[in-house]
Amino acid sequence: MSHIWSMVFQRLALGFLTLFIVSLIIFGATELLPGDFAQEILGQSATPETVAALREKLGLDQPMYIRYFGWLSDILRGDFGESLANGQPVADLIGRRLGNTLSLALYAAAIAVPLSLGLGILAALFRNSFFDRFANASALTSISFPEFFVAYILIFLLAGREGLFPSISSFRTDPSFTEYLHRAFLPALTLTLVVTAHMMRMTRAAIINLLASPYIEMARLKGMKPMRVIVKHALPNALAPIINVVALNLAYLITGVVVVEVVFVYPGLGQLMVDSVAARDMPVVQGVALIFAAAYVLLNLTADVLATLSNPRLVHGR
Amino acid sequence: MGFFTGLFWLAVAIIAAMAAGWVFRQAAIAVSPKGVAKELRTAPLTASFGMLMIILYILAAFFAPVIAPFSETEIVGREYQAWDNVHLLGTDNLGRDMMSRLIYAARNTVGIAFITTALAFLLGSVLGLLAAVVGGWVDQLLSRAVDVLMAIPALIFALLLLTIIGTSVINMILVIALIDSTRVFRLARAVAMNIVVMDYVEAARLRGESLWRLITREILPNAMAPLVAEFGLRFCFVFLTISALSFLGLGIQPPTADWGSMVKDNATLISFGDITPLLPAGAIALLTVSVNFVVDWQLHRASGLKE
């Protein structure tokens, strides 16, 4: 048992090392600027004195590693600096939007994960049937669709004249839970459609891989029902790859929200990031990129740890 | 439009596409030399439909000025005109001819995506093969650098880099090529790793072949098949990323016609039940689906995979 915990610990340590390096890249990227930050803020016409004064105020006259650790410790305390565009603290800008983005991703995952696991199991059960072929072709098709295509088709079908759902899901005041579900339904459905096909296909592949093994044949020869063979015997062993795929797709959801949020004018982090990129508002972009990257790394890390823990051969040892 | 009429037209479209694929396959088999014709016979209908579409896109890209009825940027009418005989697909938000812009965009969007993919491949495969052949600290350095770059989600990293160097077409090409070359590097290195341990490579080394010759003449020919399939897939990803960036207003800039930004510019029409803005998005989807179908067939054939 101690063996597995040391493995988990190793993964965690590696994950945090990755996070550290990612923060280093996101910070270091600004060093690629031709001039520097102070020059960038003040523009070409600034006098050398004002640039030097701002440089001192921002601490740009200090060596890079000191600035990096200053920046990092500020962020760990929740201080992301100030927006260049409007002087507001970045943490305030991010705060509420982070909650919105997370709830959208969660909403989509709550639909997509059960749906794709269910469909994947069915496709494995009825493999090479018409249903399976159809699922396969639609999976190939759906990974080829740009997110905004899916989003606009849904708007066309569900929000147009019949107006079942609003095509714009912005909200100022706190909506009630049911109102939120209604308003955010189309963006969540778009994200669901984008990830379901891939998750389903991987679930199917993971189960089918196992169906060739002798112990499954044994179960079948015993006269077990096909559904029971899959759910009771194949599924537990297919858990590790399935967890991996689910986490990979959740990580994809986190970045996929950028485009979807813009389509539906959803007040989330993605929209903030796109606006800030156009305005070249570096502190905001850095902050949002750091949050997205951290979520991505942490999800992959969780998947790794869960996959290790769900492997019976590792848990029980020899 | 009811759900079932929609389903009906979907079925009609699929059947028509398959029929077009079948006709194309028969025609291609008839005109191509014997060896190629034999290969073509193994193509499933999806793949032949994909090949037909890719050829049509390439034709549209090359002969855009001949086919398009109007110029790319000229304002030829009122804003948002409906479909009629002169402007087959109506006009866009500034009164430019939608049909002509759709055709010109084949040239711009596909061309830029192709250049970007080629650049990513050049960078990724050369470094990947180099890492595999040289090994040692070169391999370690490159591989760890790629690991780190891959830890940040691609779209987010692209947005971060574009903030720093500013948004323009050249910058976008460079940024996406850099990010995607990490994925190519991974594959090229993995494929080459299995080849460099073979005896004939050892013999070539002992004969004193230069590094460049070793890579291009000994390793590359044997690593070609997976790399070509990856080129197709990578093209799809690059194409989708560029479209997404252009859609967000951070990629190909107006007045250049481009499918991603055309969707954005005319999106308001969708709420009024007009499908015109879906056409450029559909053009993107159709090309990526087609490439995927062809790559799927090639991969299937190369691996001898029967499942």
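In this predicted model, the largest nonpolar core has 140 residues, and those with the most contacts inside it are A:Tyr152 and B:Trp259. Helix 11 (residues 226–264) of chain A supplies the largest share of this core, 17 residues. Because domain 1 (2–76) and domain 2 (95–315) of chain A both give residues to this core, it lies between them.

Leaving aside residues up to four places away in sequence, A:Tyr152 touches A:Val263 of chain A, together with B:Phe247, B:Val263, B:Ala267, B:Ile270 and B:Leu278 of chain B. Another core, of 17 residues, lies apart from the largest one; B:Ile195, B:Val201, B:Ile215 and B:Ile219 are among its members.

Helix 6 (residues 136–150) of chain B has 15 residues and reaches 21 Å from its first C-alpha to its last, close to the 21 Å expected at 1.5 Å a residue. Its buried residues are B:Val138, B:Asp139, B:Leu142, B:Ser143 and B:Val146. Seen down the axis of helix 6 of chain B, these buried residues fall within an arc of 115°, and therefore line one face of the helix. Helix 5 (98–134) and helix 8 (169–196) of chain B are included in what covers them. The face of helix 6 turned away from the buried side carries the exposed residues B:Gly136, B:Trp137 and B:Leu141.

Confidence in chain A averages a pLDDT of 81, and 88% of the residues score at least 70.

Where pLDDT is low, the predicted coordinates should not be read in detail.

Note on methods:
Residues numbered from 1 in each chain as written. Chains lettered and ligands numbered in written order. Predicted model: local features only at pLDDT ≥ 70, side-chain atom pairs only at ≥ 80, totals over all residues. Heavy atoms only, no water. Helix = DSSP H or I, 4+ residues; strand = E, 2+ residues; numbered from the N terminus. Expected span 1.5 Å × (residues − 1). Buried < 20%, exposed > 50% of the residue type's maximum accessible area, 1.4 Å probe, protein only. Arc of directions from axis to C-beta. Contact = heavy atoms within 4.5 Å. pLDDT = per-residue confidence, 0-100. Core = buried A, V, L, I, M, F, W, Y, C linked by side-chain atoms within 4.5 Å. Domains from an automatic or database assignment.
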